[in-house]
There are 2 protein chains.
Amino acid sequence: MADGPTINTIAARAGVSIASVSRVLNGLPTRQETVRKVMAAADELGYVRNAVARSLKSRRTHQVAFAMADVGNPAYLAMLREIQPVLKAAGYRLVLHSTDAVAADEIDVLRSLGERYVDGLIMSPLRVTDAHLETLAAARAPVVIIGQVPEGTPVDNVRADSRTGVRLAIDHLHALGRRRVAMVNGPLDTVPGAARGAGYREALEAVGLPYDEDLVQIADFYRPEGRRAVAELLARRPDVDALMCANDLIALGALDVLRDAGRRVPEDVAVAGMDDTDLAAASWPSLTSVSLGSAERGRVAAELLLERLNGGEREPRRVTVPPRLVVRASTAGEGHCGEGHGTGHGTEGHGTEGHGTEGHGTEGHGTEGSGA
Amino acid sequence: MADGPTINTIAARAGVSIASVSRVLNGLPTRQETVRKVMAAADELGYVRNAVARSLKSRRTHQVAFAMADVGNPAYLAMLREIQPVLKAAGYRLVLHSTDAVAADEIDVLRSLGERYVDGLIMSPLRVTDAHLETLAAARAPVVIIGQVPEGTPVDNVRADSRTGVRLAIDHLHALGRRRVAMVNGPLDTVPGAARGAGYREALEAVGLPYDEDLVQIADFYRPEGRRAVAELLARRPDVDALMCANDLIALGALDVLRDAGRRVPEDVAVAGMDDTDLAAASWPSLTSVSLGSAERGRVAAELLLERLNGGEREPRRVTVPPRLVVRASTAGEGHCGEGHGTGHGTEGHGTEGHGTEGHGTEGHGTEGSGA
DNA sequence: TTGTATGCGTTATCAG
DNA sequence: CTGATAACGCATACAA
């Protein structure tokens, strides 16, 4: 309860000046005797540096902000999980902003950099508008953008390449002998939808398959939408033998419908998703999925920001993280009762299998009640 | 790049004293003319308050920390997702600490409260040790613990009740006519393992079933472990007709093994999990699971902390959040081809179905490369 | 080596 | 109503 001790308290106790206290605390050359006295006093009083005063003086908060639409989104979560340890190792705390996908909120975050409560910002905006760019140009602290920014924007930038990602999957399906590969894409007016659609056409051309509009179906990026879309597609084209889905949720919806229709996966129809979320490994059959490298994008973004925080000025840098195909049972299945359960995660360090642990020691014995 | 303007800059520009500037900025009674001049100057200069200086003076940072083992864990994530908006609405920023389940790190976080970079802390420790309690007693800011603390610890505390949770599930299974209900529990030396084991015995007794040691199997809280354990159990007791699993991952492992063994779920064997993670809805058949109310625990914790931040002193409070059974196909199945896909989430506001959206506009057209 | 004094950007007190 | 001025807790240039 009592107000914490300051260097003044210590100085008094040790019988020295606050300057000496500060010097000892910062490891500057000081007489042994003084060091001893100061350390003793600090120990006894349980002194802890005041970070706020420190920041005011040093103009560094040792805090970095990460702003994204929604922590619940597996893609952002993957970024967060990589960003956190990188920053921590470098001595930075992490301030989390959830913008709920509201552009105005994102701009607020950019503006708030003027308050100087963080040294830098990593931001993954839904869509970069002109307003973003304006505010960005006037930002009072270094910013790294994860996502798509216009060519030439003077900002550190880390991006995915889902176009190539789609191509990886199509190549895979084609190599397995599939020839009627449909695409269940997201809305075409979204950035990812457009890119994935383009990737689909490119990939078909590359493997020498014709582009057939009949094989394209649009769905919002959710599971029920995936069900609806795949049902329609199946009704129109019952001969389809592979489904490229624009994300894992749509792919789960596809599995639902195929199961109900009595089509075996992957024997009759192979299914591939995108994003490689936890759900891909949990479903049955487990889902082949294209990882867009969210985790790595997070890590790279953090490293870029640290570089700029330490190093100072340099040219803005742009990094594109390559996609990676994670093959599981929904395309590669070895018979529908195979034991390929733990179909791994390739090479990526800590896979998703590991962290879904448990409710961790939070327990209650009965009904202690909840009132005051 | 130029250093941001301060109230001094504005004062000079407006031809008034810094005191007047501060007053205007804080809405204190001031002559209209002065207000006008100050606002004009502030606007032109793009002035933004310096949060650090403000904090130093006011002794409030408007930041709150949340410390848990791992953001990747769905339980913590659910808490985070509730905590964030509550704090944001109250004008607080959220500082995130990942302790990697290392007790020493948790204690460091408690100690670091002395640095005064946050106004309060919400912490969900793996296990509360004596060292925790000591540090807690000396904490220099209000703390809310999510989890189990010893009786009488003078700290705001929010807890789950997995014992009752297990009972809900067993009651459900018994009501469905199952009579040989096995338990695949976590290690008994963990807090959750012990509580769930106790809940299992209690529940059996309550419904009048005998406790049979043969029906209990221990597994670590992971899917491969779940597979191993259930395989053993099945070999020993092929007559089992229901499985109560201590978490969702173990339950997924159970589904794997049952499928391979040709047992139908739920017709031959019903399966229930715990934690009600995203995975429960994604699996097939979808998994009946006991929610321990992680989301609500998070929300309550945030509210308790805010109360204390605003209100000041009061008696420490303890809240127990009741568990909730979420019934899905793995116990209630309406035939194995039923359309009960979207089996809902009960009542809990925003269900998990909604947020697993997509890779959000992060795209790249090709190979811009990753070099400098 | 040590102490004194000043400033970081605000807010708040107290005369004018 | 306004303007000097003193904190807030720390770091540091400068003087001793």
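User: Which residues is B:Val184 in contact with, leaving aside its neighbours within four places in sequence?

Analyst: B:Val184 touches B:Gln217, B:Ala219, B:Ala229, B:Val230, B:Leu233, B:Leu243, B:Met244, B:Cys245, B:Ala246 and B:Ile250. Contact here means heavy atoms within 4.5 Å. Keep in mind that this is a predicted model, where local features need pLDDT of at least 70, side-chain atom pairs count only at pLDDT 80 or more, and totals for chains, interfaces and linings use all residues, while side-chain values use heavy atoms, without hydrogens and water. Residues are numbered from 1 along each chain as its sequence is written, with chains lettered from A and ligands numbered from 1 in the order in which they are written.

User: What makes a set of residues a nonpolar core?

Analyst: The members have to be buried Ala, Val, Leu, Ile, Met, Phe, Trp, Tyr or Cys, joined through side-chain atoms within 4.5 Å. The largest such core has 94 residues, and those with the most contacts inside it are A:Val184, A:Leu243, A:Val271 and B:Val184, B:Leu243, B:Val271. There's also a second, separate core of 56 residues, with A:Val71, A:Val319, B:Tyr76 and B:Tyr92 among them.

User: Why does B:Ser20 count as buried?

Analyst: Buried means under 20% relative accessible area, exposed means over 50%, and partly exposed is in between (1.4 Å probe, protein chains only). B:Ser20 comes in at 14%, so it counts as buried. You'll find B:Ser20 in helix H2 (residues 18-25) of chain B; helices (H or I, at least four residues) and strands (E, at least two) are DSSP runs numbered from the N terminus. The C-alpha atoms of B:Ser20 and B:Ala246, 226 residues apart along the chain, are separated by 63 Å.

User: Is B:Val86 buried or exposed, and why?

Analyst: Buried, because its relative accessible area is 18%, and the cut-off is under 20%. B:Val86 belongs to helix H5 (residues 74-89) of chain B. Setting aside neighbours within four places in sequence, B:Val86 contacts B:Arg299, B:Ala302, B:Glu303 and B:Leu306. B:Leu306 is 220 residues away in sequence, with 8.9 Å between the two C-alpha atoms.

User: Why is B:Arg324 called partly exposed?

Analyst: Its relative accessible area is 22%, so it is partly exposed. B:Arg324 is in strand E12 (residues 324-326) of chain B, and its C-alpha is 5.7 Å from that of B:Val290, 34 residues apart along the chain.

User: What is the omega of the peptide bond from A:Trp284 to A:Pro285?

Analyst: Omega is near -5°, and the bond is cis. A:Pro285 lies in the loop between helix H12 (278-282) and strand E10 (288-291) of chain A. In chain B, the bond from B:Val265 to B:Pro266 is cis, with omega near 10°. B:Pro266 is in the loop between helix H11 (248-260) and strand E9 (270-274).

User: How many cavities of 30 Å³ or more does the structure hold?

Analyst: Seven. A cavity is a set of points on a 1 Å grid over the protein atoms alone where a 1.4 Å probe fits but cannot get out, and lining residues have an atom within 4 Å of a point.

User: What does the UniProt record place at residues 5-58 of chain A?

Analyst: The unreviewed entry puts "domain: HTH lacI-type" there; such annotations may be inferred rather than shown by experiment. The span is 70% helix and 0% strand, with its end C-alpha atoms 20 Å apart. Chain A has 14 helices and twelve strands, and 54% of its 372 residues count as buried.

Note on methods:
1 Å grid on protein atoms, 1.4 Å probe; cavity = no way out; pocket = protein on both sides within 12 Å on 5 of 7 lines; lining within 4 Å. Points joined across faces, edges and corners; volume = space filled by probe spheres on them.
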